[in-house]
Amino acid sequence: MVIPAELTTTNNVTAIHCSDDAGLTNASCDNGNNNNELLPAAALGTSSIQEYIEDQRELDPDKKVPYILMLARGIHENVPMDVDITNAEPFKTALAFNILKRKPLSLSKALLCQELKRRNPDRKMNINNKKVDDLFSLLKEDNICDPADIAYIQGETTVYIDNLKFSIDDVEKKRKDSGGRIEASDRLRYIMALDLDGSIREAYMRSQDVMNRQELDARNSVAAAQDFHSLISAKFNNIDWVPKTSVNSDLHSYFAEEVACPKRDSYSMTIEKSKQLVQDMKHRLNEICKRYERSGNGSGQIDSDSGEDDQDFLLELNFGRFNLELALMKGGDDRQNFLNHEPVDLLYWWDVMDRHNLIHFTTAQLRGDNAATSDSRPALTAYGESSGNNNNDRNGNQPRKKSKKTKNGEENNSLSTLNEEMNENVSTVGFALCKMNEQSVMEQIDDLTHRKRQLKNDWRKEKKGAEYDSDDDGEFYNSAIEEIEQLIRAKQGYLESLLQEHSKRS
């Protein structure tokens with residue numbers, strides 16, 4: 001709930017203690033804190049402060065709240081007579097819950113001087129030579145004694161504080177209903193479940209597969225296989241599982257020692273929260289990898305001596321990948337330099353996704369020629385069967401199927417007919433997506449093979465040079481070729497699994 005910018009006067013319910021001595025001076029006024037007669041605020045007459053505050057020519061309406069809270073210091077029971085009231089309740093809790101900003105609670109020189117001048121128009125002061133504490137001391141010496149003014153200030157402050165308490169209760173209820181707010185340790189616990197459990201990783205890799213008709217029909221049944229979000233949520237909520245991060249001080253000093261991430265009582269994982277977390281971390285991971293690739297200080301940068309085509313190819317191939325050898329040549333692991341105020345657990349997500357070769361899968365990076373922009377169309381990734389006698393229209397669209405007719409000439413819209421048509425559509429879409437995925441993987445294998453041959457040719461040329469170092473240069477080329485061969489083997493294994501899955505579904 002948002003606290004209203006303006007406060008509502010509650011003179012019909014507010015009552016104060018008023019002194020019997022109407023001739024009290026400002027210096028001796030006790031602000032109504034004695035045990036005198038309790039009078040209703042409505043019987044106290046018009047407040048001069050109320051007239052002043054509600055006159056927009058005198059006070060900007062946006063400054064009404066901080067002005068009231070400034071006057072309420074020492075007058076309202078919940079507002080202490082102090083410059084800083086952020087440690088008093090309910091202000092402290094409201095700040096912690098981000099319900100309230102510090103500005104309305106802070107004293108400003110301008111408002112202090114404005115109130116001092118209101119009380120004594122003849123007062124002369126130089127705001128530049130005064131501190132907030134000095135101005136507040138002057139304000140305390142000149143107490144407010146008018147019962148109507150006190151009643152107005154107390155009433156306005158009470159309404160404001162009641163609204164704060166209502167908002168606090170609302171936030172606490174929502175947090176209790178949602179199982180608390182996620183913290184860095186929870187995100188680390190989540191990614192460690194993916195890192196340490198092979199079955200969860202396999203489910204993650206299958207999370208973007210197209211389901212067949214049988215899987216679609218069974219997805220809401222008890223017999224349905226658990227998907228990725230169900231598996232990782234169950235692992236996360238297992239209180240007996242207490243994972244620890246691996247030691248990696250080069251990644252960040254936070255990981256110089258093992259960090260235990262037990263299940264917190266105040267936070268539980270659900271399927272909906274898991275989906276939201278993955279989407280959020282996908283975006284964050286994509287952004288930090290982009291910064292890493294674009295920065296001239298990143299160890300992921302491509303050698304400037306490479307050709308433009310080679311640079312584009314390598315950037316696409318190694319998007320977000322960490323190369324330890326290149327990093328050591330530039331002073332070590334520098335990934336922490338690209339956090340940009342993001343939480344440190346994002347580095348651990350990055351490291352886990354990189355180690356399991358899941359960055360490309362997670363960030364869903366399209367090839368440049370497959371991406372659509374305002375200036376170009378994407379290239380075709382799959383081609384449909386062509387024949388000389390097809391009946392497609394000039395835009396390539398298939399003609400609309402004619403409705404089946406009954407003997408009476410009425411359209412047959414029975415459930416079985418609709419199911420048959422839906423099955424045909426699902427099967428067609430699933431087949432097309434599988435073919436697109438297979439073709440994309442084959443293209444990646446071809447690109448990797450081409451790059452491997454190119455590296456070998458470059459190595460042969462380097463060996464003929466006078467500055468060739470068999471130890472350093474040879475080790476560099478060997479490791480680069482080995483890394484590409486590992487990627488080729490991984491892609492070939494993935495392609496084989498796709499073909500097997502395709503054959504099963506067909």
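A cavity is here a set of points, on a 1 Å grid over the protein atoms alone, where a 1.4 Å probe fits but cannot get out, and lining residues are those with an atom within 4 Å of a point. Grid points are joined across faces, edges and corners, and a volume is the space filled by probe spheres set on the points. The model is predicted, so that local features need pLDDT of at least 70 and side-chain atom pairs count only at pLDDT 80 or more, while totals for chains, interfaces and linings use all residues. Residues are numbered from 1 along each chain as its sequence is written, and side-chain values use heavy atoms, with hydrogens and water left out.

Two cavities of 30 Å³ or more are counted.

| Cavity | Volume |
|---|---|
| Largest cavity | about 120 Å³ |
| Second largest cavity | about 50 Å³ |

The largest cavity has 13 lining residues, and Leu-71, Arg-73, Met-81, Arg-119 and Leu-139 lie nearest its centre. Helix 2 (64–71) and helix 5 (132–141) each contribute at least two residues to this lining, the largest share, three residues, coming from helix 5; helices are DSSP runs (H or I, at least four residues) numbered from the N terminus. Seven nonpolar, two polar and four charged residues make up the lining of the largest cavity, where Ala, Val, Leu, Ile, Met, Phe, Trp, Tyr, Cys and Pro count as nonpolar, Asp, Glu, Lys and Arg as charged, and the others, Gly among them, as polar.

Around the second largest cavity, the lining residues include Tyr-190, Phe-228, Lys-282, Trp-349 and Thr-362. Helix 11 (271–294) is one of the helices that supply at least two residues of this lining, and helix 11 gives the largest share, three residues. By class, the lining of the second largest cavity holds eight nonpolar residues, one polar and one charged.

Terms used
1 Å grid on protein atoms, 1.4 Å probe; cavity = no way out; pocket = protein on both sides within 12 Å on 5 of 7 lines; lining within 4 Å.
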